[in-house]
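Here is a walk through one protein model, sheet by sheet, with a few stops at single residues. Keep the viewer open while you read.

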Amino acid sequence: MALLCEYALTPDVFDTRFYPHEEVGTARLEHLKEVFLEEALLRNLRAGEWLAVFRNHDRPWHRRGTELLKKMIKQNRLRLAVAALSSAPANDVEWCLEALASHQIDPMTGVISTAQIVDAVGADTILGRLDRLGNSPCWTSRSASVRLARCHGDYEIQLRLIMQSANSVMLIDPHLDPSQRRYLDVLPILLLAKGRRHMPLIEIHRVVYVGSGRNRQLIDPVDWENRFREAWGNDLATAGLKVDIFIWDEHHDRYLITDLIGIGMENGYDTTTNPNDITTWSRLGRAARDDIQREFDPAANRHKLRHLFTVP
């Protein structure tokens, strides 16, 4: 299970008529809010036609639901998806079928709908009833941390959706060095962002030295530029991506910080061919994520910036 999830919701989830009382709808939408503003994206089906449904003011949309949508739009948590079925949905059941078909094209974590729609469509392992999410595998399989092999395949499972959706991405690893074999899989991670309509702001943060203790050696900033440009320059240019490289005096921990999610990484971004070498990644809370982002802002003066350059 990926630390950043993606769900589709059918429009009836936001319709007060599908709840026995407005307070019931408030409670269930608040439960969704906790997840969607911290650890999930919402699939905007049929290239945005799904969101356009909420322009229909004849339907009694729940106030908490429309508030949630506005916050998710503001926080870049809606993800466009191509149309999956040949004709546009005309009702909530058809929107559910569209979501399930979209999952077949591009797998997501789950589709959430109300009891009436789920009963009409029929059981599906990817489909969860809003009033029984505690029994839905697509909901209960979420986790605040994951154990994964230190290999490109496992890293990509966790990072593909992030790299395809985030507006800002910070890879923080004090030892990230593209000239070293153990960091060869970093470039393919960055290239997951190619082809997007709006390219993200990508940053790499590492220290100015290599080694530790008595073996610590300062590397000239020009040498760091040469290493990154030689290893990544051509491929990033071809993909239309730019990466800002920050070289700091000192820092220790390893993270991925984005506008969508923050992840603490025990071992950073290097990989190994040993299948038994396992590491742990954990999702950070918003406050920790924001503080780490501020920590690596040169204006904060919490570390001394030795060099900054852009590749290519």
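Ile-172 sits opposite His-205 of strand S8. Before going further: this is a predicted model, where local features need pLDDT of at least 70 and side-chain atom pairs count only at pLDDT 80 or more, while totals for chains, interfaces and linings use all residues. Residues are numbered from 1 along each chain as its sequence is written, and side-chain values use heavy atoms, with hydrogens and water left out. Helices (H or I, at least four residues) and strands (E, at least two) are DSSP runs numbered from the N terminus.

Strand S7 (residues 168-172) runs parallel to S8 (residues 201-207), with 5 bridges between them; two strands count as paired if DSSP finds at least two bridges. They belong to an open sheet of 8 strands, ordered S6-S14-S13-S12-S7-S8-S11-S15, and the pairing is mixed. Its edges are S6 (145-149) and S15 (305-311), each of which pairs on one side only. From one strand to the next, the twist averages 20°.

S11 pairs with S8 in the parallel sense over 6 bridges, and Ile-245 is the bridge partner of Ile-204. With S15, S11 pairs in the antiparallel sense, over 6 bridges; here Ile-247 stands opposite His-307.

Helix H7 (residues 152-165) lies across S6, S7, S8, S12 (255-258), S13 (262-265) and S14, at about 125° to S6. Angles run from 0 to 180 degrees between N-to-C directions, with axes as lines fitted to C-alpha atoms, for helices over the stretch in contact. Helix H9 (residues 221-239) packs on the sheet too, touching S8, S11 (243-248) and S15, and its direction makes about 20° with that of S15.

Ser-165 lies in H7 and is buried, at 8% relative accessible area. A polar atom of the Ser-165 side chain is 2.9 Å from the backbone oxygen of Leu-161. A polar contact is a pair of N or O atoms within 3.5 Å; within protein, one must be able to donate a hydrogen and the other to accept it, and residues adjacent in sequence count only if both atoms are side-chain atoms. Setting aside neighbours within four places in sequence, Ser-165 is in contact (heavy atoms within 4.5 Å) with Leu-41, Asn-76, Arg-79, Arg-196 and Leu-260.

## The five-stranded sheet

There is also an open sheet of 5 strands, ordered S3-S2-S1-S4-S5, with parallel pairing. S3 (78-80) and S5 (127-129) stand at its edges with a single partner strand each, so one side of each has no neighbour in the sheet. Neighbouring strands here are turned by 35° against each other on average, direction ignored.

S2 (residues 40-44) and S3 run parallel, joined by 3 bridges, and Asn-44 stands opposite Leu-80 in S3. Helix H3 (residues 63-74) packs on this sheet, touching S2 and S3, with its direction at about 100° to that of S2.

## Helix H4 and the cysteines

H4 (residues 92-105) has 14 residues and should span 20 Å at 1.5 Å a residue; its end C-alpha atoms are 20 Å apart, which agrees. That expected span is 1.5 Å times one less than the number of residues. At the start of H4, a side-chain oxygen of Asn-91 comes within 3.2 Å of the backbone nitrogen of Val-93. The buried residues of H4, including Trp-95 and Leu-100, pack against S1 (5-9), S2, H2 (49-52), S4 (110-113), H5 (115-121) and S5.

For Cys-96, the nearest cysteine sulfur is that of Cys-138, 11 Å away, and Cys-96 counts as buried at 0% relative accessibility. The sulfur of Cys-151 is 20 Å from the closest one, in Cys-5, too far for a bond; Cys-151 is partly exposed, at 26% relative accessible area.

Terms used
Buried < 20%, exposed > 50% of the residue type's maximum accessible area, 1.4 Å probe, protein only. Disulfide = S-S within 2.5 Å.
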